[in-house]
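Hello,

Here is the structure I promised to hand over. Please have a look at it first; my notes follow below.

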Protein chains: 2
Amino acid sequence: MRETTGEQVGTNVSDTALRGFVGYNMKRAFNAVQADLTRTLAPHGLRMITYSVLALVVENPRLRPSALAKALTVERANLVVYVDQLEQAGWVTRTPSSTDRRAYALQATLEGQQVYARAMAAVRDHDQRMLGALDPSDVAVVNKALATIEAQGRSL
Amino acid sequence: MRETTGEQVGTNVSDTALRGFVGYNMKRAFNAVQADLTRTLAPHGLRMITYSVLALVVENPRLRPSALAKALTVERANLVVYVDQLEQAGWVTRTPSSTDRRAYALQATLEGQQVYARAMAAVRDHDQRMLGALDPSDVAVVNKALATIEAQGRSL
DNA sequence: CCTCACTAGTTATGAGCTATAACTAATTGC
DNA sequence: GCAATTAGTTATAGCTCATAACTAGTGAGG
């Protein structure tokens, strides 16, 4: 005979109310992804945000910090710190703009490009690891839905 | 004639490499969701995490902090602070366990349940706001996929 | 029954991400 | 030319997450 005065102690804790919200599922899934991605990038000397910054700099030569901040939806003030770190690592350079003396052009050094290429391969593996159990068509649906949700949120 | 020595300045910044990763899309979408949800909960005196804690306490009477931490995948050490805040607000009580003198039983006060009910309604609106543009069948796919990704991540 | 490993809850601390305000210098619009 | 705006920066603060270390209580084996 089980007592009814005891406490919830096992794994039978109900979170059905929260599971109904996409935000809750997103947070839980993202935490798991983030943990694995952080482990994946650490050996390359990168974090999620610095990896993203490096990726855009490689992909968009002579990118301006302000454009970069806008593209990543990051505050310019915070971006400064990320670029500082990449610059100190010798992977990104700030060269004064030839047309606007307030602005800089960001560029990846050769070493920065090599680090990025290696990290990119590791991230690809990570992505496969996280999505291995998913149907490719579902992945497409998820990516599209996430983009839609993002756009919806930005418009508020 | 456009000069080719200028910097990327407009909205034509490419992030196609990153867009291929679910983690990147998840982070961006989640940031948007989080921003709106934070605004939604603030008037109720709750944050995302304290709302989640309150929800599970309401749903699972006499829940133990350790079981709660496990259910939310949160460190016990951090949970203490969240419960402290809910207790100080008068929404949750800690009563000593009758069977284990180390443990406590968490319970929502009447006021806690009322706050939760009001917040729940607001969160439901928020959820609708974020998902309004999505096909209901896609939402189901997304929720299932997120749960799968989460489970995959936890197994690493 | 006594020791020892383990568990529940807690405290303290640090790192990382985000947001905001305030500042300098340069540009642009009127 | 002057005002408003923009680019980059510095400083700061709040929230989340992770870890270590501690106290107190439990439980299993000898």
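**A polar contact in chain B**

The side chains of Asp36(B) and His126(B) are joined by a polar contact of 2.6 Å. Bear in mind that this is a predicted model.

Where does Asp36(B) sit? Asp36(B) lies in helix α2 of chain B, which covers residues 22-41. Is Asp36(B) buried or exposed? Its relative accessible area is 5%, under the 20% cut-off, so Asp36(B) counts as buried. Leaving out residues up to four places away in sequence, Asp36(B) touches His126(B), Arg129(B) and Met130(B), and also Leu156(A) from chain A.

**The two chains**

**A helix pair in chain B**

Two packed helices are described by the angle and the distance between their axes. In chain B, the axes of helix α3 (residues 48-59) and helix α4 (residues 65-72) come within 11 Å and cross at roughly 120 degrees. α3(B) and α4(B) are therefore oblique to each other. Their crossing is right-handed. On the α3(B) side, the contact is made by Ser52(B), Val53(B), Leu56(B) and Val57(B). α4(B) contributes Leu68(B), Ala71(B) and Leu72(B).

Best wishes

Key
Residues are numbered from 1 along each chain as its sequence is written. Chains are lettered from A and ligands numbered from 1 in the order in which they are written. This is a predicted model: local features need pLDDT of at least 70, side-chain atom pairs count only at pLDDT 80 or more; totals for chains, interfaces and linings use all residues. Side-chain values use heavy atoms; hydrogens and water are left out. Helices (H or I, at least four residues) and strands (E, at least two) are DSSP runs, numbered from the N terminus. Buried means under 20% relative accessible area, exposed over 50%, partly exposed in between (1.4 Å probe, protein chains only). A polar contact is a pair of N or O atoms within 3.5 Å; within protein, one must be able to donate a hydrogen and the other to accept it, and residues adjacent in sequence count only if both atoms are side-chain atoms. Contact means heavy atoms within 4.5 Å. Axes are lines fitted to C-alpha atoms, for helices over the stretch in contact, and angles run from 0 to 180 degrees between N-to-C directions. Angles under 35 degrees count as roughly parallel, over 145 as roughly antiparallel, 65 to 115 as roughly perpendicular and the rest as oblique. A crossing is left-handed if the near helix is turned anticlockwise from the far one by less than a right angle, and right-handed if clockwise.
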